[in-house]
Amino acid sequence: MTAIALHPEQKASPMVRGACPALSTPMMTGDGLLARIGLDGAIRPTDLVRIGELAERHGNGLIDISARGNIQVRGLTASSAKVLETDIRRLSLPLRDGVPVETGALAGLDPTEIANPEPLAQNIRDFIAEYDLSRRLAAKFAVVVEGGGQLPLHDLLADIRLVATRQDSKIFWQVLLGGTAQTGRLVGLVADGNAGTCATLVLARIAAMEKPLRGRQLDLAEVRGWLGDILFEGRVSAAEQATLAFGLLPLVDQAVIAAEPSEPSVVRDVNLRQISPLEEEMLGKAEGDDTSANDANQLSSRTGAYPPLSASLTSLPQGGRSLGVCRPLHAARIGIPFGQCSAETLIELGRQAEAAGIEMLRPAIDHSIVFFGPDHACRTLIDVSKNLILSQNDPRAKIAACPGKPACNSASVKTHALGETAAENIADLLDGSFTLHLSGCTKGCAHPAKAFVNLVGMNDGAALIFDGKTSDMPLKLIRHGEEAKTLEVLADLVRLERGIGETTRDCLCRLGPARLQTALSQGLS
């Protein structure tokens, strides 16, 4: 897939092949161009309504909420995509342009988080913007800053990942390169006050390369050498897989947020051995910056009038409108089945949220939206959203599905219809121990990483692939029309063979490929 620049007359460099889509660089898909709306802050319910209306006007009426929490408008043409960009930018949303630095929808509001990641993330965003590093870093380069809490970002791929950890009542940040929290390579630990310098130094080194590398390509020993004395050895327990909650979520009292002291997230007097002129310029700024984490938390987005949500709760003025509240804040997380809905559904959700008294919202990981407001507003919105995902026990939350046929011209499988059938008929198979990946073609757009069970559309049928990607060798080829039956055969086998306390994944692993092939051959004959 290739991102297409809409403004060739501008001096900004064209998007690199393989880069992620954005408003100004939509990506061609099987149902036309796709434009991504990335947000670095919260928006209002009326903004969600407006986005849905623009998707209806300029696209094909389908909207994705991606696994990383981006809003994606589908079915655009080159001309309508350009108009969409203009209309979206007129809304003055906290748009993300360039390298994503992700913290999660509950950053600074989660009572279970170890540290508020937003001030550190804002320092990194400012550094990237000031030196225009989005043009220097590799396509799809991403930074994740994890403070811990109820909506961990463990499964998101990141080139640089900073994970908060507490040792002896002190906050440290674990630094990893590439992959997820489980597969990323550990560089080491840095003290809380050194985390900003750590991130900006590594970014500066990468940006100064003739051909900037991805995090997974960097040499660990070399990176440790860059960081010198601010890095020390240390290992924390591997991040555990978490079941992400839906429905009501507890938050901290905003009065606590307003009173919380902040510490600087950059340090000085770091040994910057053998640096290039570019690095010296960039890192000199980082060393001499007096901006504290508190100052960073007060800064509004460079692309709009919205600050991070945690700042908005302290009654900061927003373009003449106050978003402050004087009562306890609550949140409701609502999932979008298979990460896609009609623009009409999104419009109605926004209108219901406004009517219920919801004040702000943020798209979130795993195809969901988090709504913020008083308790009664969150409960009301949940009550009127029964067709969406309101519980982690909803089997649809265990299925990753692309738009499929007929929405996507590349697809040969009706993935959403198949997903609904699976959720209804084999819910006991979907026990949360694995992700069922339904892909209309071999591109694997909905789940690019490995999945334990993949059912992939092909020209002459479908492929069942275990513990791999959509391009891997299939365990069995299936005729079109037998996709649902294939899943039912697997479910029947697990029901027959599963031991006490055994998960679906463990059961299928124990049975092995030969037993699965036999069952499928008999069940599909």
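Predicted model: local features only at pLDDT ≥ 70, side-chain atom pairs only at ≥ 80, totals over all residues.
The axes of α10 and α11, the latter covering residues 375–383, come within 8 Å and cross at roughly 145 degrees. α10 passes α11 in a right-handed crossing. On the α10 side, the contact is made by L349, Q352, A353 and A356. On the α11 side, H376, A377, T380 and L381 take part. Sort these residues by class, and you get five nonpolar, three polar and no charged residues.

Two values have been used here, an angle and a distance. Two packed helices are described by the angle between their axes and the distance between the axes. Keep both in mind for the next pair.

Helix α10 has another partner. Which helix comes within 8 Å of α10 and crosses at roughly 160 degrees? That helix is α1, residues 45–58, and α10 itself spans residues 343–356. The crossing angle makes α1 roughly antiparallel to α10, because angles over 145 degrees count as roughly antiparallel. The crossing of α1 and α10 is left-handed. From α1, the contact uses P45, T46, L48, V49, G52, E53, A55 and E56. From α10, it uses A343, E344, L346, I347, G350, R351, A353 and E354. These residues divide into eight nonpolar, three polar and five charged. Look at A353 in particular. A353 is in the α10 contact with α1, and A353 is also in the α10 contact with α11.

Helix α13 covers residues 483–497, and its axis comes within 10 Å of the axis of α12. The two axes cross at roughly 25 degrees. α12 and α13 are therefore roughly parallel to each other, since the cut-off for that label is an angle under 35 degrees. The crossing of α12 and α13 is right-handed. L418, T421, A422 and N425 of α12 make the contact with E483, A484, L487, E488 and R495 of α13. By class, that gives four nonpolar, two polar and three charged residues.

C198 lies in α4, which runs over residues 195–207. Is C198 buried or exposed? With a relative accessibility of 2%, C198 counts as buried, because the cut-off for buried is under 20%. What surrounds C198, leaving aside its neighbours within four places in sequence? C198 is in contact with V175, V190, L227 and I230. Take L227 from that list. C198 and L227 are 29 residues apart in sequence, and their C-alpha atoms are 6.5 Å apart in space.

V202 lies in helix α4 too. V202 is buried, with a relative accessible area of 3%. Set aside the neighbours within four places in sequence, and V202 is in contact with I160, V223, W226 and L227. V202 and W226 are 24 residues apart along the chain, yet 7.4 Å separates their C-alpha atoms. L227 links the two stories: L227 is in contact with C198, and L227 is in contact with V202.

The loops deserve a visit as well. Most residues other than glycine have a negative phi, and most peptide bonds are trans. Here are some exceptions. S92 is not a glycine, but S92 has a positive phi of about 55 degrees. S92 sits in the loop between α2 (78–89) and β5 (101–102). S92 is partly exposed, with a relative accessible area of 36%.

D366 also has a positive phi of about 55 degrees, although D366 is not a glycine. Where is D366? D366 is in the loop between β16 (360–364) and β17 (368–373). D366 is partly exposed, at 37% relative accessible area.

The peptide bond that joins K405 and P406 is cis, with omega at about 5 degrees. P406 is found in the loop between β18 (399–401) and α12 (415–425).

Finally, step back to the whole chain. It has 14 helices and 22 strands. How many of the 525 residues count as buried? The share is 56%. Take the contacts in the chain with a separation of 6 or more: residues 24 or more positions apart account for 64% of them. The chain exposes about 22,400 Å², and carbon and sulfur atoms supply 49% of that area.

Notes: Residues numbered from 1 in each chain as written. Heavy atoms only, no water. Axes fitted to C-alpha atoms, helices over the stretch in contact; angles between N-to-C directions. Helix = DSSP H or I, 4+ residues; strand = E, 2+ residues; numbered from the N terminus. Parallel < 35°, antiparallel > 145°, perpendicular 65-115°, else oblique. Left-handed = near helix turned anticlockwise from the far one by under 90°. Contact = heavy atoms within 4.5 Å. Nonpolar A, V, L, I, M, F, W, Y, C, P; charged D, E, K, R; others polar. Buried < 20%, exposed > 50% of the residue type's maximum accessible area, 1.4 Å probe, protein only. Areas by Shrake-Rupley, 256 points an atom, 1.4 Å probe, with all protein chains shown as cover.
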